[in-house]
Amino acid sequence: MEVKNILEKKGKVIASGNRDELLWFDLDVTPLTQTDYENLETDFKKGGIFAKVINAGSHTTKDGKELQRVWLVAYKTQKELTDWQKDFDERMTRDHRFIGEQLDWFHVQEDLVGPGLPLLHPKGTVIRTELINLVRQVNNEMGGEEIWTPHIAKSELWKVSGHYDNYKDKMFMWNQDDSEWGIKAMNCPIHMQIYKSKPKSYKELPIRYTEFGTVYRKEQSGELHGLSRVWSLTIDDHHFIIRDDQILSEIQMILKAAIKIYKVFGMEYKLKLSTRPEKCVGDKALWDVAEKGLKDALDGLKLEFTVDEGEGAFYGPKIDIDAKDSMGRWWQLGTIQLDFNMPQRFKMTYVDENSKHIQPVLVHFALLGSIERFMSVLIEHTGGRLPLWLAPEQVRLLPIGESQAEYAKSIVNDLRGLGVRAKIDDEGTLGKRIRNSQTQKVAVTAVVGDKEVEAKTVSVRGKDPMSIEDFKEKLLLSIMERSDF
Ligand SMILES: [Zn+2]
């Protein structure tokens with residue numbers, strides 16, 4: 001391939017691939033300079049290829065070799081390249097890494113903290129907390145109960161759960177004081193210990209545990225991407241432990257909760273049921289009951305879904321929920337999985353009406369999935385223009401001059417007292433302050449001048465002046481209902 005030949009003038013191509021229209025190449029070479037990139041584009045042009053070459057940083061392979069990753073897009077005409085560039089620039093303004101940095105929401109500090117370990121700044125933390133609160137509310141409605149578990153556990157736990165044999169490569173593990181330890185890559189094995197701490201009767205089920213649990217997974221460093229591919233992630237991690245006659249009703253309840261959440265974000269969604277694979281655990285009768293339960297739950301709610309025969313996990317069938325963002329991209333966000341394996345591995349039981357010990361069914365599910373990844377989807381879905389309830393800064397008040405400063409301050413104090421994230425900006429010209437408020441994606445910008453002070457009103461851009469009481473009431477209502485202001 002011609003592209004490869006031209007690139008090899010700089011360094012040997014060790015690996016290559018593509019994602020969408022972009023090609024990537026890993027070159028065995030020390031970091032390239034900006035001039036190298038420009039020279040490459042000239043070389044391509046001489047060869048009749050119109051290309052944009054992008055520095056994607058360097059990464060280290062498993063055997064310790066440092067490689068330079070180069071992204072490029074290549075076209076036969078300059079026009080195609082120009083059109084692509086325009087479209088790409090538009091997408092970049094929606095790139096969550098760019099927006100996150102521009103708005104002071106989060107960053108990754110590779111040199112001192114590490115790759116794939118995003119640091120959420122105060123404003124980013126507000127978004128994360130609001131998302132957790134949304135799930136918390138839905139979880140309360142389901143009768144879910146929150147638990148908290150530590151981030152590390154002995155390797156014995158991961159041996160019983162099976163992660164030690166099957167997932168160790170992605171786990172952070174170490175030896176200390178004659179024991180081997182692992183940082184959790186999953187919350188479930190620890191959650192099961194809470195279930196097991198006391199004997200259970202059939203009357204106590206369903207038991208519904210939830211943890212907004214941070215886990216750590218060692219992804220390849222070349223694959224890391226902003227908030228969407230990371231080493232540390234927080235899952236809205238639900239583990240419902242149920243009897244097999246409760247599958248239908250519990251799954252219906254969980255599906256309703258999931259739909260409620262995607263509706264809040266105005267995202268279209270689709271559902272996929274995956275059934276028993278050839279290699280699996282648990283007896284066939286139980287699989288049949290479970291698959292029927294999931295199918296009946298979907299049918300009962302008149303939901304459309306597709307079936308992926310044989311694509312379930314080895315431990316149980318599942319329903320995946322994909323959502324579509326404003327750019328037409330589908331993301332797998334929620335998942336609901338039945339599990340017959342973990343209850344068996346941890347010898348979990350409950351006592352039935354006849355005093356017999358029965359193995360319960362475990363339902364693992366997440367509605368947002370990774371909260372950090374959900375944030376990245378949401379930031380790109382909205383271009384950073386988050387709805388009022390989720391915006392790090394909800395209201396910014398702009399007094400026209402000094403004489404309205406006191407009035408503005410009293411409104412902001414009132415709003416803060418009511419739990420609204422409100423601020424005053426009185427530095428600089430009004431025009432500049434309005435523009436700042438827009439670029440910083442403040443949800444509601446209100447201006448107050450002498451007229452407003454006299455009439456006890458505020459002027460929100462694009463709306464008629466409203467009384468302070470109306471303003472407060474409308475703000476609180478749309479925050480509470482998570483609707484538009
Ligand atoms: Zn789980």
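The exercises below, each with a worked solution, concern a predicted model of one chain.

Residues are numbered from 1 along each chain as its sequence is written, and side-chain values use heavy atoms, with hydrogens and water left out. Local features need pLDDT of at least 70 and side-chain atom pairs count only at pLDDT 80 or more, while totals for chains, interfaces and linings use all residues.

**Exercise 1. Describe the chain as a whole.**

Solution. 
- Step 1, secondary structure: the chain holds 16 helices and 24 strands. These are DSSP runs numbered from the N terminus (helices: H or I, at least four residues; strands: E, at least two).
- Step 2, extent: the C-alpha trace spans about 80 × 70 × 50 Å along its principal axes.
- Step 3, burial: 49% of the 485 residues count as buried. Buried means under 20% relative accessible area, exposed over 50%, and partly exposed in between (1.4 Å probe, protein chains only).
- Step 4, contacts: among contacts with a separation of 6 or more, 68% join residues 24 or more positions apart. A contact requires heavy atoms within 4.5 Å.

**Exercise 2. Determine how helices H5 and H12 are oriented, and which residues join them.**

Solution. 
- Step 1, location: H5 covers residues 122-142 and H12 covers residues 371-382.
- Step 2, geometry: their axes come within 10 Å and cross at roughly 105 degrees. Axes are lines fitted to C-alpha atoms, for helices over the stretch in contact, and angles run from 0 to 180 degrees between N-to-C directions.
- Step 3, class: H5 and H12 are therefore roughly perpendicular to each other. The classes are roughly parallel under 35 degrees, roughly antiparallel over 145, roughly perpendicular from 65 to 115, and oblique for the rest.
- Step 4, residues: on the H5 side Gly124, Ile127, Arg128, Leu131 and Ile132 take part, meeting Ile371, Glu372, Phe374, Met375 and Leu378 of H12.

**Exercise 3. Is valine 160 buried or partly exposed, and what does it contact?**

Solution. 
- Step 1: valine 160 sits in helix H6, residues 155-161.
- Step 2: its relative accessibility is 36%, so valine 160 counts as partly exposed.
- Step 3: beyond neighbours within four places in sequence, valine 160 contacts Arg345 and Phe346.
- Step 4: valine 126, 34 residues away in sequence, is 37 Å from valine 160, C-alpha to C-alpha.
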